[in-house]
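Trainee: I would like to go through this model step by step. Please show it first.
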Number of protein chains: 2
Amino acid sequence: MDSMVRDVFKDFNLNDVEINMISEGLEAIELKKKAFLITPGKDVQHIYYIRRGCLRTYYLDDSGKEHTLQFAVEGWWISDYIALFGRERLKAISYIECIQDASLLKISKNDFDNLCERIPKVSGFHIRNLERAFAAFHRRILENLTLPAKDRYVNFVKTYPNIEQLVKNYHIASFLGITTESLSRIRKELALQ
Amino acid sequence: MDSMVRDVFKDFNLNDVEINMISEGLEAIELKKKAFLITPGKDVQHIYYIRRGCLRTYYLDDSGKEHTLQFAVEGWWISDYIALFGRERLKAISYIECIQDASLLKISKNDFDNLCERIPKVSGFHIRNLERAFAAFHRRILENLTLPAKDRYVNFVKTYPNIEQLVKNYHIASFLGITTESLSRIRKELALQ
DNA sequence: CGCGACGTTGATTTGCCTCAACGATTGTGG
DNA sequence: CCACAATCGTTGAGGCAAATCAACGTCGCG
């Protein structure tokens, strides 16, 4: 477990004591493709670090359509952040589904908060991640406001080339906010150019 | 300045030493309606806390259309987060415009990072804010994916009733990702019901 | 008062959706 | 390992929500 922790925090030069403290709250889990990490209504208490594999968070609306909020691959964190980080603690509203067999590290938000308080490097780590994610979200919202579907797809492929090859067509469509049919047509158009 | 700091961090019970440390990096500034805090191309080094007034961040696309990323009122923080929090330090890409005469507190990202390292309460404060904002962003993206324009407007009014009365119609339209004409028609429809 | 900024309304266009049918690919049990 | 089914992706026809273009009221400010 210690070497995993060292890997997660690789830019932060943790000492042995700190690594031990962190390891205590961690649990390694394996997840098979198509398995669910979280489903709507469940109590969300944990954040998950992805050592290997690929997952996605999606919301299922009343009419049965899926809307992909997030993909996550090696080195990313995933959870139902609306439930976990919101002002009021809510139950999960989304699904988190395994897209490719995955190895995860699981830690409770409580334990993580405690580590943040006790180990400045951990809070530094958390802040860095949150800030970067924050910038990325601003970008995504801006793109959604600014660009037509075709350009959003092109950007997606450019930004996440590794994810594009891994996931289904309709996963990408639901991430971009379009239908599979539209995405299919967009791809055709791009292929012709 | 000290009482202002106490006010910003009111849930965190700072002691006098901490308050002094924080005050050192702060600068109070006043901004008149229609003034710009940030314009594209500028170097972004600061975060701004709003004590009074209202501002908005918007992006101007190639075709001359405005896209509002964020409104901010009393008690909120504002900056060009894509530039400030992104992986690479970029120049500003957006405008931040004063919508209502404002009193701000200005602090450089550098100073703030240092305070985070030296005062756990400050990093706790920052983490709490980032996490909440993070959840809010997830919500906004989900809404944009899920809901038609009319429902997004209804939600906006419900979520930010104070902002709705303060800003121009076309500010809201560009926040929701629709045209002023569409918003006008939506309002008409809602008024009839 | 008069001008410019803002909001509304109407006519038309368009990007994307919906519905439907049909290939292609994947996975599974015999 | 093949056969078949289920899942996934593509294509076409038609429809709709919202954009565009254009004109006109209205409000606020110099």
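Predicted model: local features only at pLDDT ≥ 70, side-chain atom pairs only at ≥ 80, totals over all residues.

Trainee: How compact is chain A, judged by its radius of gyration?
Mentor: Chain A has 9 helices and 6 strands. For its 193 residues the globule rule gives 16 Å, and the computed radius of gyration is close to that, so chain A is as compact as a globular protein of that length. The radius of gyration is 18 Å.

Trainee: What share of the contacts in chain A, at a separation of 6 or more, joins residues 24 or more positions apart?
Mentor: The C-alpha trace of chain A spans about 60 × 35 × 30 Å along its principal axes, and buried residues make up 35% of the chain. Among contacts with a separation of 6 or more, the share from residues 24 or more positions apart is 68%.

Trainee: Is Asp80(A) buried or exposed?
Mentor: Asp80(A) sits in the loop between β5 (77-78) and α3 of chain A. Leaving out residues up to four places away in sequence, Asp80(A) touches Ile38(A), Val44(A), Thr57(A), Ala92(A), Ile93(A), Ser94(A) and Ile96(A). A residue counts as buried if 20 or more other C-beta atoms lie within 10 Å of its own. Asp80(A) has 29 within that distance, so its class is buried.

Trainee: How far apart in space are Asp80(A) and Asn13(A)?
Mentor: In sequence, 67 residues separate Asp80(A) and Asn13(A). From C-alpha to C-alpha, the distance between Asp80(A) and Asn13(A) is 29 Å.

Trainee: Which element supplies the largest share of the side of chain A that touches chain B?
Mentor: The contact takes 32 residues from chain A and 32 residues from chain B. On the chain A side, β4 (66-73), α3 (81-85), α4 (109-118) and α5 (120-146) each supply at least two residues. By class, that side divides into 16 nonpolar, 9 polar and 7 charged residues. The largest share, 20 residues, comes from α5(A).

Trainee: Which element gives the most to the surface near DNA strand C?
Mentor: DNA strand C is surrounded by 16 residues, and the closest are Pro148(A), Ala149(A), Ser182(A), Asn169(B) and Ser184(B). Two or more residues come from each of α6 (149-159) and α9 (180-192) of chain A, and from each of α8 (169-176) and α9 (180-192) of chain B. With 6 residues, the element that gives the most is α9(B).

Terms used. Residues numbered from 1 in each chain as written. Chains lettered and ligands numbered in written order. Near = placed C-beta within 6 Å. Helix = DSSP H or I, 4+ residues; strand = E, 2+ residues; numbered from the N terminus. Rg over C-alpha atoms; globule rule 2.2 N^0.38 Å. Buried ≥ 20, exposed ≤ 12 C-beta atoms within 10 Å, placed from the backbone. Contact = placed C-beta atoms within 7 Å. Nonpolar A, V, L, I, M, F, W, Y, C, P; charged D, E, K, R; others polar.
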